[in-house]
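Welcome! Below are some exercises with worked solutions, to be followed with the structure in view. Take them one at a time and look for each feature as you go.

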Amino acid sequence: MLTKRLIACFDVKNGMVTKARQFQDNIDIERAEAIASKIYEEQIDEIIFYDIMASAEKREIDLEMVRAVARQVFVPFTVGGGIRNLDDMYRVLKSGAEKISIDSMAVRNPKLIEEAALAFGSQCVVLSMQVKKVEKTAKMPSGYEIMIDGARVATGIDALEWAKRGEGLGAGELCVNSIDRDGTHTGYDLEITGLISENVRIPVIASGGAGKPEHLLEVFTQTQASAGIISSLLYSPRLERNYAVKELKTYLASHGIPVRPWIE
Amino acid sequence: MIGVIDYKAGNAPSVVNALRRLNIACQLVSTPEQLRNFSGVILPGVGSAPATVESLAELGFIPELETLVLEKKLPFLGICVGMQILFEHSEERDTTCLGWLKGTVRRFPKELRVPQIGWNKVNFRANHCFNHGINKSEYFYFVNSYYAAPESEEIILGTTEYGLEFCAVIASENIHATQFHVEKSGIVGLKMLQNFAAIVGDKSC
């Protein structure tokens, strides 16, 4: 049986992993490759790194960082942040990443999703979407809006509509990140994660808000999410208690969630 | 020394990283002429079967690979799409493949969430040098929308369930292949790569 995935996701700034709350107040934690190596040894299922300054500084992703991480991890590795075109994607993939994550750039130029899927295959393309709860209106029927540029800019695009469009254009996975929950440790947004995962046929990754193991259980039992992003749970300096991957998996397995078992 | 074929759509760097972690001597190969220097070959794969076949043909790899693998019986490992293209035909954009193995490549049924992405269980049917030291069932990382359906059951070393039972591992003489990504399947995947290196080095298992 295909298992539910736990994905460690980190923001990287100048080669350092940093942790923010609702896209503000960053705290530096450790070098990207050191965290990657540690979390790989902990048997995480997958790793995502976002080069959070690449986009703002209008520069290419830190490929040295990508290479350094890729030498340490032998589970799938996704890279995002500042990817502008197919050339950028090609360089990131050739530096040892398996997948690329696109976000604001895909909203500005949806054809990028299609081109990437054709060039590298859908499995390489993770469409990451920043969603914010808004009032349900005729224009925003899901009650969630797509935000871009570090979640600062509203687009007027309905989240569910964008998810379906992304699937149609060839995205291989959707990462649904709740801006309202990001860094709050209050649990994933089950409403939008549920809505999107029920309405697309590609895997959906739940993101934003996991603060305790119960939040993972909730999202895997109450929505059709295929994976959950955890970062605070593993390393947040703001949480009272961090968890090892093994503990999280043992907990989920004991509640009947299929996970890749721990290997002694 | 193992040659890892580097072509446009492949993830050769990931395979090389994994082999280096295991201290297995390897080199990226970007032209067919170089292939002769190696005692084993890995064909990595990501993306689509048509793009892979096209890319290999464009770079002129196919005749050289056929001489080395089919005639000279050089140990060969195909990964993911690198396994699919070994069959005769793929439903992915109606593609004619290499035809080294009898059978076709089919799309998963429509009702399933596709691509299958994630860790799934492989049940090994037999003991072979390729799965030496690995449990009868073990989890590996898959990313696929299509699966191979070999004509001969005998070449199937392991199977996996995703809506249906499909072929996940092949061992047919010198040809080895996995639908999952050995290079991205953690410790267990690395163990299989190590086994392949032992086969290349003609070590008993």
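Two strands pair if DSSP finds at least two bridges between them. Helices (H or I, at least four residues) and strands (E, at least two) are DSSP runs, numbered from the N terminus. The model is predicted: local features need pLDDT of at least 70, side-chain atom pairs count only at pLDDT 80 or more, and totals for chains, interfaces and linings use all residues. Residues are numbered from 1 along each chain as its sequence is written, while chains are lettered from A and ligands numbered from 1 in the order in which they are written.

**Exercise 1. Find the sheet of 4 strands in chain B and name its edge strands.**

Solution. Begin with the order, which is 6-5-7-10 in chain B. This sheet is open, and its pairing is mixed. Next, go to the two edges: strand 6 (95-96) and strand 10 (146-150) of chain B each pair on one side only. To check your view, find G103(B), which has P150(B) of strand 10 of chain B opposite.

**Exercise 2. Trace the open sheet of 9 strands in chain B.**

Solution. Follow the strands of chain B in the order 2-1-3-4-13-12-11-8-9, with mixed pairing. Strand 2 (26-29) and strand 9 (137-144) of chain B each have a single partner strand, so one side of each is left without a neighbour in the sheet. From one strand to the next, the twist averages 25 degrees. (Axes are lines fitted to C-alpha atoms, for helices over the stretch in contact, and angles run from 0 to 180 degrees between N-to-C directions.)

Then look for a helix on this sheet. Helix 1 (residues 12-21) of chain B packs there and touches strand 1 (2-5), strand 2 and strand 3 (40-43) of chain B. Its direction makes about 155 degrees with that of strand 1 of chain B. Contact here means that the C-beta atoms of two residues, placed from the backbone, lie within 7 Å.

**Exercise 3. Which strands are joined to strand 13 of chain B by 4 bridges?**

Solution. On the parallel side, 4 bridges link strand 13 of chain B with strand 4 (residues 76-79) of chain B. There, I79(B) stands opposite T178(B). On the antiparallel side, 4 bridges link strand 13 of chain B with strand 12 of chain B. Here I170(B) faces A177(B), and I170(B) is also the bridge partner of I156(B). Strands 12 and 13 of chain B form a hairpin with 2 residues between them, and E173(B) in the turn has a positive phi of about 55 degrees.

Now compare the two faces of the strand. In a regular strand the side chains alternate between the two faces of the sheet. In strand 13 (residues 175-178) of chain B, I175(B) and A177(B) on one side and H176(B) and T178(B) on the other are all buried. A residue is buried if 20 or more other C-beta atoms lie within 10 Å of its own, exposed if 12 or fewer, and partly exposed in between; C-beta atoms are placed from the backbone.

**Exercise 4. Is S137(B) buried or exposed?**

Solution. First place S137(B) in strand 9 of chain B. S137(B) has 11 C-beta neighbours inside 10 Å, so it counts as exposed. Leaving out residues up to four places away in sequence, S137(B) touches K121(B), V122(B) and N123(B). G158(B) lies 21 residues from S137(B) in sequence and 8.9 Å from it in space, C-alpha to C-alpha.

**Exercise 5. How do helix 6 and helix 7 of chain A pack?**

Solution. Start with the geometry: helix 6 (residues 159-169) and helix 7 of chain A pack at an angle of about 35 degrees, with axes 10 Å apart. Next, list the residues in contact. Helix 6 of chain A brings A159(A), L160(A), A163(A) and K164(A), and helix 7 of chain A brings I192(A), L195(A), I196(A) and N199(A). Finally, sort them by class: 6 are nonpolar, 1 is polar and 1 is charged. (Ala, Val, Leu, Ile, Met, Phe, Trp, Tyr, Cys and Pro count as nonpolar, Asp, Glu, Lys and Arg as charged, and the others, Gly among them, as polar.)
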